[in-house]
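Please examine the sequence and the three-dimensional model shown here.

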Amino acid sequence: MARFEIIDDEPRGRFEIIDAPVAKKKVVGGGDRLQAGVAALNKGFFSDLLGMPVDAAANAIDLGKAAIGYGTSKVTGKAPPQWTEPFDRTQVPLSGEWLAKQINKGSGALGMGSPIDNPNPQDQLSRLIYSGGRVAGSSIVPNANAPISGLKQLANLGMGAVSGVTGGAVGEVSPEYAGVAGMLPQVGAFLAASGIKRGIRGNEAGRKDMDQRLQDFKNAGVDKPSVGLTSGNKLIQGIENILSLTPGSVGVFEKSKQKMLSGMQNKANNLRDSISTEYGPVEAGAALQADLKGLFKERIGNTYGTLNDKVEQAVGPNMPVPVAESIFKSGQLTTPIPGAEATSSNFINSRIAKINRDLSFDADGKPEQALNSLIVLPNGQPAMQTVAPSTAPQGIPFSALKDLRTKIGKESSSNAIMGTPEQGEFKQLYGAMSQDMKNGVSLADLKNGVDPASPGSATTALNRANTFYSRAMNRVDQVNPLANRSTPEGAYNSVARSLNAGPTVYSRLRGLISPESRQKIVATVIDDLGKANPGQQNEQGDVWSPRSFLTGYNKLLDAKSKKALFTRLPGGEKMSDQLTDIAKAADMVNESSKVWANPSGTAPALAARGTLGAVTFGWFFFPMEASIATGGILAANQVSKRLLLNPKFVNWLAKTPEIRPQDAQSYAQRLIATANLTNNAQFKSDVSDYLSEVNNQLSDAPIN
C-alpha cells in the first residue's frame with residue numbers, strides 16, 4: 001500500500017508518494033492487436049473518412065488564417081491575433097475529431113470502451129496495425145455516384161492497410177517521411193503492373209499494336225483471343241503452342257481454339273448469307289449459264305431491236321429495198337458444185353434454199369421463162385418457142401427486211417446449231433441482209449436529201465445498230481464456252497479460277513448477268529475460302545480452316561479481283577472490308593501457329609505422352625516425381641485459364657492505364673489518411689485539394 005508524506009504547511013499542501021507500487025506492464029496479445037485493427041477501421045471510416053469534407057474545408061481555412069496571422073505579426077511585431085489560430089476540430093461539427101468525440105461520448109454513455117481509439121498505444125505493433133487500419137478504413141469508396149464492386153472495395157482496403165503500415169513504420173523512426181512512405185505500396189503496384197505490360201507487349205507502340213490486333217480479332221468475330229495472339233510476342237506464342245499440347249491444358253486450349261474458329265467461321269458465314277442465301281458451285285453455275293443463254297441474249301435482242309426501230313423511222317417502213325445481196329448469197333450457198341451436183345446436194349441447207357426461193361418471190365422477181373406458140377405441130381410440139389428474160393427483184397418493204405434480218409440473227413445464235421456449219425451459213429446470210437439494209441438506207445438518205453454522215457440520218461442510225469450488234473456477237477462468242485459448259489459447277493469453277501489471274505473475265509460477265517446471279521457467285525466464293533482441305537474434312541464437309549481461308553484469300557483474290565467482286569453489290573465496300581478483317585485474323589493465327597512449330601509434330605506428341613506416362617505409372621514406382629508432374633499439369637491448366645486465355649488479362653495488357661474517378665477518390669482518401677498520421681497541415685491541405693478535384697470529376701461522370 002502506498003504511503004503519503006506532507007511536504008509543506010500550505011493549506012492545499014503538497015504530497016509525495018513514498019514506496020508506491022510499480023505498475024505492471026500490460027502484456028499485449030494477438031486478441032488485443034486484433035482489437036486495435038478493428039478500432040482503426042472504425043476510426044478510418046466513421047471519423048476520418050466521413051469527416052473528410054469538413055476537414056478539407058477547415059484545413060484550407062486554417063492555412064489561410066495562418067498566412068494572415070504570419071503577415072500581421074511581421075507588420076505589427078506582435079503575436080498573431082487569436083482568431084488566426086487553427087480551429088479546435090473537436091468543436092467543428094462533422095469534422096473528423098468532432099465525429100470521434102461524439103462516438104466516444106456515446107460509447108461512454110453506454111458504459112463501453114472507445115470503439116475508435118487504439119486500445120494499446122504503448123505497443124509498437126499495435127500502433128502499426130492501427131495506422132494500417134485507419135488508412136484502410138479511409139480507402140472505402142462510399143460515393144453512390146461511383147458504383148464499385150465488393151472485390152474492388154476489398155482491394156482498396158488491402159492497399160490502404162499496406163500503405164498505412166508502411167507509413168506508420170517509417171513514422172516511428174522519421175515522422176517527416178511517413179507520408180511519402182505511405183505512397184510507396186501504390187507506386188510499387190503501378191511499377192509492377194507497368195513492368196508486366198512492357199514485358200509482354202513492349203512500350204507504347206507495342207500497346208497500340210496490341211490494341212489494334214485485339215480490335216482486328218473482334219472485327220473478325222473472335223471475342224477472346226489469347227495473350228500470344230493479341231500481343232504478337234513470339235515467346236508467349238511459343239509457350240502457348242507448347243501448353244496446347246501439354247496434359248492439363250490441352251482441353252483448355254482446344255476449347256478456346258474451337259471458339260475462335262467458330263467466331264471467324266460465323267463471321268464469314270454471316271457475310272456470305274448477307275450477300276445471298278443461295279450459294280454453291282451448282283447453284284451459282286446454273287444461274288450463270290441461265291443468264292448467258294437467256295437474259296443476256298434477250299437483252300441484246302431488245303437493245304438491237306430498239307436501235308433498228310430508229311433506223312426504220314429514218315427510212316420509212318414502207319420504202320421498198322432491193323435484196324439482191326441476200327438473194328445472191330442464199331443462192332450461192334445452195335448451188336451444187338459443178339460436176340458433182342448430185343453429191344454436193346447432200347450438203348445444201350434446205351432451209352436456206354427455201355429462203356432463196358421465197359425471198360425472190362416476195363421481191364417480185366421473175367425467173368427466165370420459155371413461152372410456147374399456140375400452133376402445135378403434128379408431133380405435139382409447139383410450132384414456135386420464145387424465151388422471156390428474167391426480171392430483177394423489185395425489193396421488199398424496209399420494215400420486212402429489218403424483221404427478216406432479226407430472225408436470221410437469232411437463228412445464227414441459236415443453241416440448237418451452235419458450232420455447226422449451218423450456223424456459219426446463217427451468219428453469212430445475215431451479213432448479206434445487213435448489206436442490203438445498208439444499201440437501202442443510203443438510197444433513202446439520198447431520196448430524202450439527208451447527208452448520210454449527219455447525226456439524224458438513217459445511215460448513222462444503222463451504223464450505230466450494226467456496231468452494237470457486232471460487239472454483242474463478239475461478247476457472245478467469248479462467253480459461249482461458259483454458257484455451254486457441260487456442268488454448272490464447271491462453269492462456276494472456271495470463273496472462280498479466273499479471279500486468280502485478275503478481274504478481266506468476271507468484269508466482262510458482271511454486266512451480262514442479273515444482280516441475283518452475281519450475288520450467288522460472290523457468296524459461293526466466300527463460302528469456298530475457308531473450307532479445310534479434304535484430308536481435314538469431316539463427313540459433313542463443313543470444317544473451317546483459317547489457313548485455308550488465308551491461302552484462298554491471297555491466291556484467289558488480288559486487290560483488283562476483290563474490288564471487281566464486290567462492285568455493284570449493295571454495301572459492297574463494307575463487305576469487302578469485313579472479308580479483309582477475317583483475313584487479318586487468319587494471318588495472325590497462322591503466324592502464331594508457326595512459332596516453335598515442329599513440322600513432323602513428333603516432339604510435342606512425345607512430350608505430352610511422356611508427361612502423361614509419368615503421372616499414370618509414376619504413382620506406383622516414383623510417387624515424388626509423379627507428384628511433381630501432376631503439379632506441372634495443374635499449373636499449366638491454371639496458367640492457361642487464368643492468364644493466357646483470360647480476356648480480362650488480355651484487355652488489361654492492351655489498354656492504356658485508365659484512372660477512374662472512383663479509383664482516384666480512394667487513392668486521395670489514402671493520401672489524406674496517411675497525411676493525418678504525420679500531422680502536416682500543408683500536406684493535408686494539398687491532398688484535400690486533390691480530393692476536391694476528384695470529387696468534382698466524379699459528380700460530372702455518368703453513372704454506369
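## Basis of the model

The model is predicted: local features require pLDDT of at least 70, side-chain atom pairs count only at pLDDT 80 or more, and totals for chains, interfaces and linings use all residues. Residues are numbered from 1 along each chain as its sequence is written, and side-chain values use heavy atoms, with hydrogens and water left out.

## Overall composition

The secondary structure comprises 28 helices and 6 strands. Helices (H or I, at least four residues) and strands (E, at least two) are DSSP runs numbered from the N terminus. Of the 704 residues of the protein, 39% are buried. Here buried denotes under 20% relative accessible area, exposed over 50%, and partly exposed the range in between, with a 1.4 Å probe and protein chains only.

The protein exposes about 39,000 Å², and carbon and sulfur atoms supply 58% of this area. Accessible areas come from the Shrake-Rupley method with a 1.4 Å probe; for residues, only the protein chains shown count as cover. Among contacts with a separation of 6 or more, 70% join residues 24 or more positions apart; contact means heavy atoms within 4.5 Å.

## Nonpolar core

The largest nonpolar core contains 80 residues, of which Ile 275, Leu 292, Phe 549 and Phe 566 touch the most other members. Helix α17 (residues 458-483) makes the greatest contribution to this core, with 11 residues. A nonpolar core is a set of buried Ala, Val, Leu, Ile, Met, Phe, Trp, Tyr and Cys residues joined through side-chain atoms within 4.5 Å.

Not counting residues up to four places away in sequence, Phe 566 touches Ile 275, Val 522, Ile 526, Gly 572, Met 575, Ser 576 and Leu 579. Phe 566 belongs to helix α22 (residues 559-566), where Ser 561, Lys 562, Ala 564 and Leu 565 are buried along with it. Just after α22, Arg 568 adopts a positive phi of about 75 degrees. Arg 568 lies in the loop between α22 and α23 (572-594), and its relative accessible area of 53% makes it exposed.

## Aromatic pairs

The structure holds 4 aromatic pairs. Rings of Phe, Tyr and Trp (its six-membered ring) pair if their centres lie within 6.5 Å. Tyr 304, Tyr 430 and Tyr 469 are linked into a cluster by ring pairs.

## Helices α1 and α3

Two packed helices are described by the angle between their axes and the distance between the axes. The axes of helix α1 (residues 30-49) and helix α3 (residues 96-109) come within 7 Å and cross at roughly 125 degrees. Axes are lines fitted to C-alpha atoms, for helices over the stretch in contact, and angles run from 0 to 180 degrees between N-to-C directions. The two helices α1 and α3 are therefore oblique to each other; angles under 35 degrees count as roughly parallel, over 145 as roughly antiparallel, 65 to 115 as roughly perpendicular and the rest as oblique.

Lys 43, Phe 46 and Ser 47 in α1 meet Gly 96, Glu 97, Leu 99, Ala 100 and Ile 103 in α3. Leu 94 is located in the loop between α2 (52-76) and α3. Phi of Leu 94 is near 70 degrees, a positive value in a residue other than glycine, and Leu 94 is partly exposed at 49% relative accessible area.

## Selected residues

Gly 530 occupies the loop between α20 (515-529) and α21 (546-556). With 0% relative accessibility, Gly 530 counts as buried. Leaving aside neighbours within four places in sequence, Gly 530 is in contact with Val 543, Trp 544, Ser 545, Ser 548 and Phe 549.

Ser 274 is part of helix α10 (residues 250-275) and is partly exposed at 45% relative accessibility. Although Ser 274 and Met 575 are 301 residues apart in sequence, their C-alpha atoms are 9.1 Å apart.

Lys 427 is situated in helix α16 (residues 421-448) and is partly exposed, with a relative accessible area of 38%. Not counting residues up to four places away in sequence, Lys 427 touches Ser 412 and Asp 477. Lys 407, in helix α15 (residues 398-412), counts as exposed at 60% relative accessibility.

Key
Phe/Tyr/Trp six-rings, centres within 6.5 Å; stacked < 30°, edge-to-face > 60°.
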